[in-house]
Amino acid sequence: MVTHTHIATNSAYMRNVLLITFVTAVGGFLFGFDNGSISGSVGFLQSKFTLDADGIGWVTSSIIIGCIIGVAVAGPLSDAIGRKKVLLLTALIFIFGVLGEALATSADMLVWFRIAVGIGIGVETTIAPLYIAEVSPAHIRGRLVSFNQLFNCIGNLAVFSVAAVIANRASEAWNIEHGWRLIFATGIIPAIVFLLLLFSIPESPRWLIRKRRDEQGLAVLRKINPDEHTAWQQLDAVKLALREEHQSRLGDLFSPRLRKALIVGFGVALFQQITGINAIFYYAPEIFKTAGVDVSGAMSFTVLIGVMLVAATLVSMWIIDKVGRRSLLIVGAAGMAITLAGIGGLFRLSEAHTTLLLVLILAYVAIFAVSFGTVAYVIISEIFPIQVRGIAVSIATFALWGGNFFVSRFFPVLVENISAANTFFIFAGIAVLALLFVLTMVPETKGKTLEEIELQMNRR
């Protein structure tokens with residue numbers, strides 16, 4: 001009888017943990033869907049608003065300005081009012097921004113609403129992994145935090161599919177006038193679903209305890225732990241960690257005691273982006289065209305990249321809590337350096353090798369997704385002390401979006417001025433630097449509670 005009761009309790013607590021993870025990860029789907037919606041709309045927007053290359057580049061990249069703003073406010077705001085309230089606000093921002101994109105009457109108006117959507121994305125990428133980490137059991141935390149990245153990838157595939165259906169079922173003239181609006185507008189549906197689902201999940205127990213709302217925090221801990229004893233143990237561990245910390249101040253992050261955690265989080269996030277992944281995602285068709293592929297083939301190859309991203313992210317979720325974060329980053333940095341150098345080498349050849357180029361790009365995307373693509377979000381949600389976790393995660397995520405903006409803004413310029421081959425050789429060199437950084441700076445956090453990681457990172 002005791003055994004059956006224990007099994008039932010375990011089953012109930014895991015259902016609660018998975019529900020919180022799934023609901024929060026729907027925000028990741030919105031991230032992927034709304035970030036990727038420009039891909040299927042860009043040609044129609046150019047015709048609708050008579051945009052030159054610089055104009056369409058600004059419309060495309062303006063969303064990253066919003067992301068950086070969102071990152072800047074997400075951490076302090078979530079520390080002040082709670083993770084759940086910030087996610088609810090994010091859902092409203094998504095609804096507002098997507099509706100504005102769909103109804104835009106000028107390119108400037110579209111830019112402003114894309115910045116609004118970007119704010120939602122920046123907040124989501126900061127708070128969702130952090131919130132999932134704060135409710136996840138240590139032995140599967142990496143896998144659960146990775147759900148947000150998986151849903152991001154699925155969101156990308158979903159909007160690519162929606163855009164393809166809309167574009168293929170109507171005339172060019174209709175799509176220029178209405179098709180791009182419909183692509184943007186479909187993002188309202190998952191945003192409303194996200195908003196409604198958020199009402200079914202609790203506030204982060206660690207945030208509640210930090211705010212001295214111990215009874216509410218313990219009530220949540222009872223729902224996400226297998227038994228009463230474990231819940232009380234976690235309550236005591238969080239309170240102990242809080243007693244050993246100062247009141248949260250931005251200056252504390254730069255103290256010797258916390259400096260390593262900040263360097264690790266900032267570095268892993270930055271290297272995730274400046275090793276060139278968004279050069280592939282944003283400019284894949286142009287890369288393939290440079291190699292001699294026709295337009296139809298380039299679009300088909302780009303869809304394959306999306307499929308590979310989802311598949312490799314699933315693999316990463318399966319192995320991250322078995323292999324470990326540090327090991328995946330080491331293998332990933334080395335693998336990216338090799339594949340990026342190979343891509344650069346192919347562009348040096350006078351003869352087109354499109355099949356081999358596709359294989360190397362798919363290999364690079366797979367290696368990235370298994371390693372930095374998933375692990376970076378996990379690492380930066382784990383390594384910071386609870387008192388400064390929101391602010392610290394914002395700083396690390398700021399590095400991620402700053403790197404994204406740098407790559408997406410200057411990749412075409414680099415290709416035009418120093419060639420595609422040399423640009424990919426630069427990315428390969430950066431991947432080597434990423435390898436050295438991981439080997440010398442990044443600790444293994446697999447299987448440890450957030451409080452144990454805090455002690456490990458703060459150890460002098």
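Predicted model: local features only at pLDDT ≥ 70, side-chain atom pairs only at ≥ 80, totals over all residues.
Leucine 89 lies in helix H3; helices here are DSSP runs of H or I with at least four residues, strands are E runs of at least two, and both are numbered from the N terminus. Residues are numbered from 1 along each chain as its sequence is written, and side-chain values use heavy atoms, with hydrogens and water left out.

How does leucine 89 count, at 38% relative accessibility? Leucine 89 counts as partly exposed because its relative accessibility is 38%; buried means under 20% relative accessible area, exposed over 50%, and partly exposed in between, with a 1.4 Å probe and protein chains only.

Let me turn to the chain as a whole. The protein chain has 19 helices and zero strands. Of its 460 residues, 57% count as buried. Among contacts with a separation of 6 or more, 82% join residues 24 or more positions apart, a contact being heavy atoms within 4.5 Å.

Finally, I come to helix H7, residues 188-198. Which of its residues are buried? They are Ile188, Pro190, Ala191, Phe194, Leu195 and Leu198. Seen down the axis of H7, these buried residues fall within an arc of 165°, so they line one face of the helix; the arc is taken from the directions from the helix axis to the C-beta atoms. On the other side of H7, Ile189 and Leu196 are exposed.
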